[in-house]
Amino acid sequence: MAEVQEQTEMTKLQKALYDYAITIILLLSATAINYLTILYYDNAVNVSGIYLLAVILISLLTGSYVWGIISALCSVVGTNFCFTYPYFAIDFSVSGYPFTFFIMGAVALGSCALTVNMRKQRDQAHQREKMTQVINEVDQRLLQVECKKDIVALLLECLYTQLECPILYMELQGDKLVCQGHNGNIPEQLESLHYDIALQSIKQRRIVGRGIDEENDKGFLSIPVMWQERTLGAVCVLLYERILSPDVRAFAQGLVNHFAIAFERQELSETQQRILMEKQAEQTRGYLLRAISHDLRTPLTGILGASGSILENGERMQSDLKNRLIQDIHEEARWLLRMIENVLSVTKIGNYNPELKKSMEPVEEVVADSIVKCKKYFPDLKITLCLPDELIMLPMDPVLIRQVLINLIDNAYRHGNSKKNIELMVEKKEDFVEFSVQDYGAGMATEDLTKVFSGMGLQKRKDGDSSRGLGLGMSICKIIIEAHSGQIFAENTAGKGLRVAFRLPMEEKKA
């Protein structure tokens with residue numbers, strides 16, 4: 001704080017010395033020019049005009065009424081002392097002198113006032129131009145921010161650049177006032193009084209300050225960030241014995257008001273995004289419910305039919321037929337068990353707000369466990385595995401990723417309808433790892449490729465297999481992979497069949 005005070009004092013002293021030097025130089029120059037003019041033309045008629053020009057230049061360069069008035073009075077005294085009889089003596093008693101010098105002084109003071117006023121208007125025009133330029137730059141940078149925190153950081157940066165004072169943003173969250181400083185720095189000189197001023201500014205919706213018109217080591221200015229009938233927070237300036245002119249305060253308030261619009265626009269955007277996500281979540285829930293109802297109804301119907309036949313005709317039924325019905329019941333029950341695992345995966349992920357238990361896992365182990373579990377379901381499963389030579393560690397929830405691989409292998413086995421081995425390949429790319437499951441079946445219609453992950457399912461297939469849909473398992477795969485910040489897609493491979501692949505990032509993506 002001592003450094004800030006010293007810099008402020010140095011700035012004031014330098015400005016005073018500059019104005020003093022300008023005044024002395026121009027008055028002495030005007031006096032010298034008058035002497036040369038009289039020597040050359042032997043006529044003192046231009047003396048008052050040259051001094052008047054000096055007064056105008058002094059008022060324009062200093063922008064101060066004080067130095068303009070001083071120079072006007074010095075011009076009158078200088079004219080009387082140097083260029084009127086009696087020479088080198090101040091005497092206003094000669095007939096006609098008082099009125100002449102009064103007129104000269106009035107003209108000089110009037111010129112001074114007009115010049116200073118013109119200087120202020122010029123400065124105001126420059127200030128407006130500067131503010132317009134700053135706002136244009138701010139608008140360009142606001143296009144790149146994505147959250148309220150970034151908007152606040154940009155606001156504090158812009159105000160710090162313009163005011164060269166410590167800047168804070170305070171926001172009322174419940175009953176507590178939360179403070180955010182420029183570059184995350186909160187000055188040690190911040191006191192409870194400053195919080196009280198900011199709170200008063202937020203609640204009363206007006207600018208509140210202390211020591212803003214005087215040199216006060218605890219000077220503090222709070223500008224509320226308002227939009228329509230709402231107060232979003234307050235921008236606070238620690239002055240440290242610095243006085244902000246009304247123009248500078250107006251500039252700061254205008255900049256704050258401009259950012260208030262950005263805050264409101266960001267809130268509207270977040271609200272629209274939240275509504276859209278809720279709508280998508282509702283649609284997804286509807287799709288999943290329809291997929292579940294379809295996928296559960298068919299095996300349950302088979303179980304009821306087979307069990308009913310055994311109960312009614314078990315004693316008269318041939319043993320091989322009875323065993324086949326029991327085997328069908330067993331297969332359908334296993335399918336229902338996998339369906340329940342998928343449903344449990346959905347409940348674990350939630351509505352697009354997953355809390356995944358991520359850890360660095362070796363890819364080889366996750367893939368091997370998935371294959372082992374699939375072979376328990378399908379003893380005759382034949383699969384070709386292709387893995388990179390190097391050990392790959394990925395951030396993932398291993399339980400959910402195993403569920404994805406099991407679902408993909410399950411679909412390839414049941415719907416591929418091929419005697420060739422299923423291919424499971426893992427490839428390491430630049431910044432992600434790609435897992436792919438390739439079958440050698442008939443592939444899938446192009447229009448179905450876009451629906452396979454939608455949760456709507458493929459209720460009727462060309463091969464007549466409508467016993468179990470693809471919708472639930474594949475839609476769950478999509479939800480799990482997107483929760484890992486990855487991508488999943490399906491495509492037909494020429495000469496082979498359907499290839500389903502997903503990609504997981506090598507590094508954890510920060511929110």
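Colleague: Why is Arg499 called buried?

Modeller: The model is predicted, so this is a computed value. Arg499 has 14% relative accessibility. Buried means under 20%. Therefore Arg499 counts as buried.

Colleague: Where does Arg499 lie?

Modeller: In strand E12, residues 498–505.

Colleague: What makes the approach of the Arg499 side chain to the side chain of Glu434 a polar contact?

Modeller: The distance is 2.5 Å. The cut-off is 3.5 Å between N or O atoms, with one able to donate a hydrogen and the other to accept it. The side chain of Glu491 also makes a polar contact with the Arg499 side chain, at 2.6 Å.

Colleague: Which residues is Arg499 in contact with, leaving aside neighbours within four places in sequence?

Modeller: Among them are Ser436, Val437, Gln438, Phe489, Ala490 and Thr493. Glu434 and Glu491 are on that list too.

Colleague: How do you know that the structure holds zero disulfides? Take Cys179.

Modeller: A disulfide needs two cysteine sulfur atoms within 2.5 Å. For Cys179, the closest cysteine sulfur is in Cys236, 7.2 Å away. For the structure, the count of disulfides is zero.

Colleague: Are Cys179 and Cys477 buried or exposed?

Modeller: Cys179 is at 16% relative accessibility and counts as buried. Cys477 is at 0% and counts as buried. The limit is under 20%.

Colleague: What makes Arg205 partly exposed?

Modeller: Its relative accessibility is 31%. Arg205 sits in the loop between helix H6 (192–204) and strand E3 (208–210). Its phi is near 55 degrees, positive in a residue other than glycine.

Colleague: Why is Ser485 called partly exposed?

Modeller: At 33% relative accessibility, Ser485 falls between those cut-offs, so the label applies. Ser485 is in the loop between helix H12 (471–483) and strand E11 (487–492). Ser485 is not a glycine, yet its phi is positive, about 60 degrees.

Colleague: Which residues have the most contacts inside the largest nonpolar core?

Modeller: Ile401, Phe435 and Phe502, in a core of 43 residues. Elements that give two or more residues to this core include strand E8 (393–396), strand E10 (432–438) and E12. H10 gives the most, with eight residues.

Colleague: What does Phe435 touch, not counting residues up to four places away in sequence?

Modeller: Its contacts include Val363, Leu394, Leu405, Met425, Val500 and Phe502. A second, separate core has 34 residues, including Leu163, Tyr169, Ile212 and Val237.

Methods
Residues are numbered from 1 along each chain as its sequence is written. This is a predicted model: local features need pLDDT of at least 70, side-chain atom pairs count only at pLDDT 80 or more; totals for chains, interfaces and linings use all residues. Side-chain values use heavy atoms; hydrogens and water are left out. Helices (H or I, at least four residues) and strands (E, at least two) are DSSP runs, numbered from the N terminus. Buried means under 20% relative accessible area, exposed over 50%, partly exposed in between (1.4 Å probe, protein chains only). Contact means heavy atoms within 4.5 Å. A nonpolar core is a set of buried Ala, Val, Leu, Ile, Met, Phe, Trp, Tyr and Cys residues joined through side-chain atoms within 4.5 Å.
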